[in-house]
Amino acid sequence: MKKKLILAAAGVLSIFTLAACSSSSDEIATMKGAKITVEDFYNEVKVSSDSQSRVANMIIYKVFEDKYGDKVSTKDIDAKFDEIKESAESQGQNFDDYLKQYGYTQKSYKALIKQSLAFEAGIESHIDITDEDLKTAWDSFHPEVEAQIISVATEDEAKEIKAELDKDGDFTKIAKEKSTDTATKEDGGKVKFDSTSTEVPAAVQEAAFKLKNGEVSDAIAVTDSTGYQTSYYLVKMTKTSAKGNDMDPYKDQLKEIATTTKASDSTFQAKVVSDELKEANVKIKDDAFKDVLSQYIQTEESSTEDTAASSTKESTKAESSTDSSEKTSDSSSATEDSSK
């Protein structure tokens with residue numbers, strides 16, 4: 001969530017940086033008998049739905065940074081920066097050029113990362129893991145296994161390799177020769193992972209956990225985060241393990257799973273954001289953005305309207321219940337009279 005949000009926010013945030021750092025009368029362009037000022041530009045873009053959502057993000061990030069920013073270290077920021085840079089460059093992008101595209105330097109981008117990490121810290125500070133949360137995490141947990149993987153570009157190639165493996169082909173040799181997974185191919189596709197790992201695609205993990213030692217899966221289709229590129233995997237289980245019935249040895253991992261699950265829950269996030277915005281006493285000064293936080297904070301007027309609507313609804317229910325009771329009573333009386 002965070003990586004895409006950070007990168008996507010950059011361009012629009014630059015617009016509001018321009019508006020904030022410039023006089024409203026500063027000219028962007030002139031022509032015969034007319035001109036376009038920064039104020040003209042700002043008034044044009046601020047009403048777009050994208051600008052509205054970005055302003056909401058700016059407010060939320062600022063509130064969380066002010067309160068939880070001291071929980072984020074320089075080491076944390078640098079590690080996240082390096083992770084995002086490595087991901088971009090693995091897709092053939094020059095990261096510095098990518099930042100410039102959105103008007104960012106490494107320094108200003110790291111400031112944005114700090115806000116994102118402060119948001120994460122704020123969400124997690126509200127999490128209280130219960131025994132029920134641990135039990136839920138345990139139900140889907142699988143301990144670490146050892147396996148081998150081969151990744152190729154097409155389903156036909158994956159099927160050809162599977163047929164070769166079914167005829168006693170050497171998985172290690174084929175992985176070194178044909179796998180496109182650069183992180184594992186030199187070691188014959190060897191990997192270790194459990195159900196919390198992110199290095200191996202979830203679909204590959206799911207298939208692997210169903211295998212016995214020595215078994216090889218059929219071709220597994222995995223689409224990347226862009227939604228455009230699909231790779232095909234074969235996985236061979238080399239050393240599986242059963243979790244048994246005692247979850248105590250895995251409690252730290254289960255707590256991590258439960259924390260991640262709750263932190264990613266949109267309803268939980270919205271409640272935390274709402275509480276933090278109220279505590280920070282956020283006030284919207286520009287009418288163009290008066291509703292950007294409406295999904296998190298109700299105004300006193302809307303709250304009163306909701307209460308009134310709720311009261312009316314309950315009153316209607318009560319009247320309906322009374323009418324129903326009276327009708328039942330009348331019906332009972334009529335039945336008694338009839339029996340007489």
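**Salt bridges and a surface patch**

Visitor: Where does Ile28 lie?

Guide: Ile28 lies in strand 1, residues 27-31, where strands (E, at least two residues) and helices (H or I, at least four) are DSSP runs numbered from the N terminus. This is a predicted model, in which local features need pLDDT of at least 70, side-chain atom pairs count only at pLDDT 80 or more, and totals for chains, interfaces and linings use all residues. Residues are numbered from 1 along each chain as its sequence is written, and side-chain values use heavy atoms, with hydrogens and water left out.

Visitor: Is Ile28 buried, exposed or partly exposed?

Guide: Ile28 is partly exposed, at a relative accessible area of 46%, given that buried means under 20%, exposed over 50% and partly exposed in between (1.4 Å probe, protein chains only).

Visitor: Switching topic, how many salt bridges are there?

Guide: A search of the whole structure finds 17, a salt bridge being a side-chain nitrogen of Lys or Arg within 4 Å of a carboxyl oxygen of Asp or Glu. One of them joins Lys110 to Asp78, with the closest N and O atoms 3.0 Å apart.

Visitor: And which helices does that pair link?

Guide: Lys110 is in helix 6 (residues 106-125) and Asp78 in helix 4 (residues 74-90), so the pair, 32 residues apart, links distant parts of the chain.

Visitor: What about Lys135 and Asp139?

Guide: Their side chains meet in a salt bridge, 2.9 Å from N to O, and both residues lie in helix 7 (residues 131-139), four residues apart, about one turn of the helix.

Visitor: Which residues are linked in a network?

Guide: Lys67, Glu276 and Glu279 are linked in a network of salt bridges.
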